[in-house]
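This briefing sets out the sheet, the helix packing and the nonpolar cores of one protein model. Please read it alongside the sequence and the structure shown here.

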Amino acid sequence: MASAKPGPLMMVRTLSDLGVWPPAAVVKVDDTVPGLLEGRAIGAWVVGLAVTGNCLGLSEAEWLATKPAQQALLRAQARQLLLDGGAHFVIDGVADLLPLIAEIEARMAAGESPA
């Protein structure tokens, strides 16, 4: 029976189809705790999206109309939810991903793994 939630076997299948291995060389980016847990279950690096994802559930217009103090509170709450849900890192959105990829590559070069 197929699951409606992301699951580790779905990710393993995708990596296999793409010819990508090991999972420790993969960065899984997601905006939900089940998606983060999927990446953690197979040993991938896991990055949560705090502002542009499901945690806030706000449109860009709604986010921009929110006062800065409220934005900071919402961002902090989303960040904590994603960290508690297994994220190694949390960024606001995919626009922040490239510098983080460089950091992850440096960590891997230094022998760190996403364990």
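Strand 1 (27-30) and strand 2 (residues 45-49) pair in the parallel sense over four bridges; two strands count as paired if DSSP finds at least two bridges between them. Helices (H or I, at least four residues) and strands (E, at least two) are DSSP runs, numbered from the N terminus. The model is predicted, so local features need pLDDT of at least 70 and side-chain atom pairs count only at pLDDT 80 or more, while totals for chains, interfaces and linings use all residues. Residues are numbered from 1 along each chain as its sequence is written, and side-chain values use heavy atoms, leaving out hydrogens and water.

**Sheet**
- Lys28 has Val46 in strand 2 as its bridge partner.
- Three strands make an open sheet in the order 1-2-3, with parallel pairing.
- Strand 1 and strand 3 (89-91) are the edge strands, each pairing on one side only.
- From one strand to the next, the twist averages 25°.

**Packing of helix 1 and helix 2**
- Helix 1 (residues 8-18) packs on helix 2 (residues 33-42) at an angle of about 65°, and their axes are 8 Å apart; axes are lines fitted to C-alpha atoms, for helices over the stretch in contact, and angles run from 0 to 180 degrees between N-to-C directions.
- Pro8, Met10, Met11, Val12 and Leu15 of helix 1 meet Glu38, Gly39, Ala41 and Ile42 of helix 2, where contact means heavy atoms within 4.5 Å.

- Val12, in helix 1, is partly exposed, with a relative accessible area of 28% (buried means under 20%, exposed over 50%, partly exposed in between, with a 1.4 Å probe and protein chains only).
- Beyond its neighbours within four places in sequence, Val12 contacts Trp21 and Ile42.
- Trp21 and Pro22 are joined by a cis peptide bond, with omega about 5°.
- Pro22 belongs to the loop between helix 1 and strand 1.

**Nonpolar cores**
- The largest nonpolar core has eleven residues, including Leu36, Val46, Val51, Trp63 and Leu74; such a core is a set of buried Ala, Val, Leu, Ile, Met, Phe, Trp, Tyr and Cys residues joined through side-chain atoms within 4.5 Å.
- Helix 4 (residues 68-84) gives the largest share of this core, three residues.
- Apart from this core lies another, of eight residues, among them Trp45, Ile91, Leu100 and Ile104.
- Not counting residues up to four places away in sequence, Trp63 touches Val51, Leu56, Leu58, Gln71, Leu74 and Arg75.
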